[in-house]
Amino acid sequence: MKKVVILGGSFDPVHNGHIDILKAAITNLSCDEGWLMLAPSPRWKNKYASLNFRLRLLSYVEKKEKNIKVCKDELELKGTTYTYNTFLKLKEKYQDIEFYFLLGADQLDKLHLWYEIDKLSKLVNLVVVNRPNYTLNNENLFKYNCKLLDYTGPDISSTEFKNKLNLNLIPTYLHDLIIKDGGYYKKKLRKM
């Protein structure tokens, strides 16, 4: 059976941390592929870039990075999307794949509040990526049978990129696309 690890997010923009974590998960979990699953409009974040632009960035990543693909399945779901519903659809569509789902230690704190979390934890392998200087919620870690990813890497966020506009946080093959589009810079200038 094929093994796929999924990292979901708004990817606004996709950065080196996303790619490094996914590569580490592919290796440490002995997966065949890693999928970047774009959340069209996360309820907890304000978007800077359009859905189409974020998809363009991800398609460049897919072209440049070995064993990393873009998963667009969540984009086809209507209304409010929940991780449980997304994985129901994925398991139905890809019956020959064992899925692993990456989540940050910050999400582990809230895991007991997720929609249908008990069912989700039986449907997919939940894998927690620890963050530097973060205390793990061991109760949720064990209750939902989460694996802990052995990963030590840069603590980078898309918010950090948007605040500093530091291209060193983004893969070099995305620099020209981000500069030519200019959207992140225009938003920053408007704020100023």
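Is Cys31 counted as buried or exposed, and at what relative accessibility? At 9% relative accessibility, Cys31 counts as buried, where buried means under 20% relative accessible area, exposed means over 50%, and partly exposed lies in between (1.4 Å probe, protein chains only).

This is a predicted model, in which local features need pLDDT of at least 70 and side-chain atom pairs count only at pLDDT 80 or more, while totals for chains, interfaces and linings use all residues. Residues are numbered from 1 along each chain as its sequence is written, and side-chain values use heavy atoms, with hydrogens and water left out.

**View 1. The cysteines Cys31 and Cys71.** A search of the whole structure finds zero disulfides, a disulfide being a pair of cysteine sulfur atoms within 2.5 Å. The closest cysteine sulfur to that of Cys31 belongs to Cys71 and is 14 Å away, which is too far for a bond. Seen from Cys71, the closest cysteine sulfur is in turn that of Cys31, again at 14 Å and too far for a bond. Cys71 is buried, because its relative accessible area is 2%.

**View 2. The loop between β1 and α1, with Phe11 and Pro13.** Helices (H or I, at least four residues) and strands (E, at least two) are DSSP runs, numbered from the N terminus. Pro13 is placed in the loop between β1 (2-9) and α1 (16-28), and the peptide bond that leads from Asp12 to Pro13 is cis, with omega near 0°. Phe11 sits in the loop between β1 and α1 and has a positive phi of about 45°, although it is not a glycine. Most residues other than glycine have a negative phi, and most peptide bonds are trans. Phe11 counts as buried because its relative accessibility is 2%.

**View 3. Ser30 in the loop between α1 and β2.** The loop that holds Ser30 runs between α1 and β2 (33-38). Phi of Ser30 is near 55°, which is a positive value in a residue other than glycine. With a relative accessibility of 52%, Ser30 counts as exposed.

**View 4. Glu65 and the residues that it touches.** Glu65 is found in the loop between α2 (51-64) and β3 (68-71), and at 14% relative accessibility it counts as buried. The side chain of Glu65 makes a polar contact with the side chain of Lys23 at 2.9 Å. A polar contact is a pair of N or O atoms within 3.5 Å; within protein, one must be able to donate a hydrogen and the other to accept it, and residues adjacent in sequence count only if both atoms are side-chain atoms. Leaving aside residues up to four places away in sequence, Glu65 touches Ile19, Lys23 and Tyr173, where contact means heavy atoms within 4.5 Å.

**View 5. Asn140 in helix α6.** Helix α6 (residues 138-143) contains Asn140, which is buried, with a relative accessible area of 3%. Not counting residues up to four places away in sequence, Asn140 touches Leu108, Asp109, Lys110, Leu111, His112 and Cys146. Asn140 and Lys2 are 138 residues apart in sequence and, from C-alpha to C-alpha, 27 Å apart in space.

**View 6. Thr152 in the loop between β6 and α7.** Thr152 has its place in the loop between β6 (147-149) and α7 (158-164), and with a relative accessible area of 79% it is exposed. Between Thr152 and Phe53 there are 29 Å in space, C-alpha to C-alpha, and the two are 99 residues apart in sequence.
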